[in-house]
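Hi everyone, thanks for coming. Today I'd like to walk you through one protein chain, taking a few places in turn. Please have a look at it first.

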Amino acid sequence: MNNAPRPLRRRQAGFTLLEALVAFLVMAFGMLAIAGFQTTMSRNSDVAKQRSEAVRLGQQKIESLRTFQQVTSDGAGTIVNFEDDVVAGGPEIINPSSADAYATNTTYTRQWWITKNDGVTVAGTGDLEKWLLVQVSWTDRAGDPQSVSLRSVISRSDPIDLGTLFTGPNGTKPRTPKNRNINIPYPAVALGGGKTSAFQPPGSGNSYVFDNPTGDVLGYCTFALAAGATVSLEDGNLTTGCFIEKAYIVSGYIQFLNSVPTGGTESGRDNAISNSTTDTKELTVGIDFVGAAGTVRECSAQRQKVVSVGAVTARTIATASRSGTTVTVQTTGNHGFDTGQVVSINGTTGGLDGSFTITKLSTNSFSYTSSAGTSSNAGTATLVQELTLAESATAPSGYNDVKSRFVAYICIVRPYDDGDATTVDKWSGQIHLTPQPTDSVAWSFAATGAYKVCRFTGDYTNDNQMANSEHPLYYRGVTGALDNQNYLVVPSSESCPTDDESAPINDDYINTNAVLHQNTVAGVAPYGGLPSQGTQWGGSTGGEPADTSTPLPMFAP
């Protein structure tokens, strides 16, 4: 019997085959995982391509509706067929063979809905804008539903008139609103943090703090607030001398005109009213409340003038730097400015832009006071061409031309709090003016032989209904700031000027339509005034309600 062991080589031969089989199995699982990963990547790539195509189709429909199918103007800046063209539609089926589709491997369904800004009411005649929702849906290659939704707002304005949003009459450039709510008085200074601004009415000891986004008054401080100041109006963290108080402002201008031009062109009459240099007179402004009363915190009125200087030239800034609150600017060559003049700084790299009064200068440098900005090696300095000053103030050197005179007023009104946290505080009432006969010649309001007050008013939003912002005789349910509530004082023998709605397409940029607001200071409101009625609000039955209780919208929808 042969007991010799088998050769080792024979016993290891089967084990090598087993190793190969295991390695092949591991590799097979790896290949399956890679194949699955590639399949997922391929599907995701396909869905991304389909989503891009769906977004394009949605944007295409938005642009089609935005430009209207037929742009037909009535000559007064309104699209005649706005109601007919911008309407809900769909579903539209877009497959690979459709004219609107690029090369794709699925079929899209496109549908769109039109609403008002409340998101519910179906838009109808008289809307100034429409809110649009476009949805594009499809099924991917795995059978799963996919969709994209796009939203936009479409304006009723004729596209040919859109340029007037950026320019004023005769191509003039409007004043920059300082990146805050336009209802905040322009002289207000920016406070620290960039969320609030402060304004101290002329002659007032209080500074009012405004919320930049809304224009509402958040509170007040019993001292002057400088630009960049840090103020807290939070419960438990109030700055000393400051108080939380919700309030709204009513502001505007009061112009004086010895006679209202009745002949000539409409633009000539508008120009005479807008640029009147007639001397103003002392007066005070008050509010009589009705219904949900409210309280006047204070009203301020100041006689002002606009002065101008001749041609201005931009000067190149070589360097500019701030030390403490003093900014020193070096110009390339002689700048030609004078102490007390106001310069506009633009294009700096250190946040020094703005308008400032020169406090000190030399031939090629000048200084002003500011707590903002750092340094810059670029920018321009230009003399501000027009300044608004108190009428009694001496104009800076070079400002010799008086362009217009008027009274600027502002009232801070605390709304009525009905104790219901679910409702917005509001106020209702009427503004009245009271002459202060301090001039060499006394003046007064009367039906004859004196002066009367005209109220500028009109259907500015062209929706055939009255709103608080359109300057009624009685404000009703005011829940926010009101600006440009303007008046014109004329002799009793003159008529209040009338005008149609502004029509920029016909170079009629402003509305000088006015009605009698006041011709007495005695008796009971409305002091001889008349409600805002007429064809501008859809006929004699439109316009302002005759009573004092019917609420009005703040801004027409």
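Let's start on the inside: Glu-391 and Arg-303 are both buried, where buried means under 20% relative accessible area, exposed means over 50%, and partly exposed is in between (1.4 Å probe, protein chains only). Before I go on, a word on the source: this is a predicted model, in which local features need pLDDT of at least 70 and side-chain atom pairs count only at pLDDT 80 or more, while totals for chains, interfaces and linings use all residues. Residues are numbered from 1 along each chain as its sequence is written, and side-chain values use heavy atoms, with hydrogens and water left out.

The side chains of Glu-391 and Arg-303 meet in a salt bridge, 3.0 Å from N to O. By salt bridge I mean a side-chain nitrogen of Lys or Arg within 4 Å of a carboxyl oxygen of Asp or Glu. Glu-391 sits in the loop between strand S20 (386–390) and strand S21 (401–414), and Arg-303 in strand S11 (residues 295–308), so the pair ties together parts that are 88 residues apart in sequence. Helices (H or I, at least four residues) and strands (E, at least two) are DSSP runs, numbered from the N terminus. Which residues join this pair in one network? Asp-279, Glu-282 and Arg-405 do, through salt bridges that share partners.

How many salt bridges are there by this rule? The count comes to 11. Side chains of opposite charge can pair when their charged atoms come close.

Lys-61 forms a salt bridge with Glu-92, with the closest N and O atoms 3.7 Å apart. Lys-61 lies in helix H1 and Glu-92 in strand S1 (residues 89–94), so parts 31 residues apart in sequence are tied together. Arg-110 also forms a salt bridge with Glu-92, and here the closest N and O atoms are 2.7 Å apart. Arg-110 belongs to strand S2 (residues 108–115) and Glu-92 to strand S1, so this pair ties together parts that are 18 residues apart in sequence.

Now to a sheet. Strands of a sheet pair through backbone hydrogen bonds, either parallel or antiparallel. Our open sheet has three strands in the order S10-S22-S24, with antiparallel pairing; two strands pair if DSSP finds at least two bridges between them. Which strands are at the edges? Strand S10 (283–289) and strand S24 (475–478), as each pairs on one side only. Strand S22 (residues 427–435) and S24 pair over two bridges, and Gly-429 has Tyr-475 in S24 as its bridge partner.

One last stop: Thr-457, found in the loop between strand S23 (451–456) and S24. Thr-457 is buried, because its relative accessible area is 0%. A polar atom of the Thr-457 side chain lies 2.7 Å from the backbone oxygen of Glu-470.

Methods. Polar contact = N/O pair within 3.5 Å; in protein donor to acceptor, adjacent residues only side chain to side chain.
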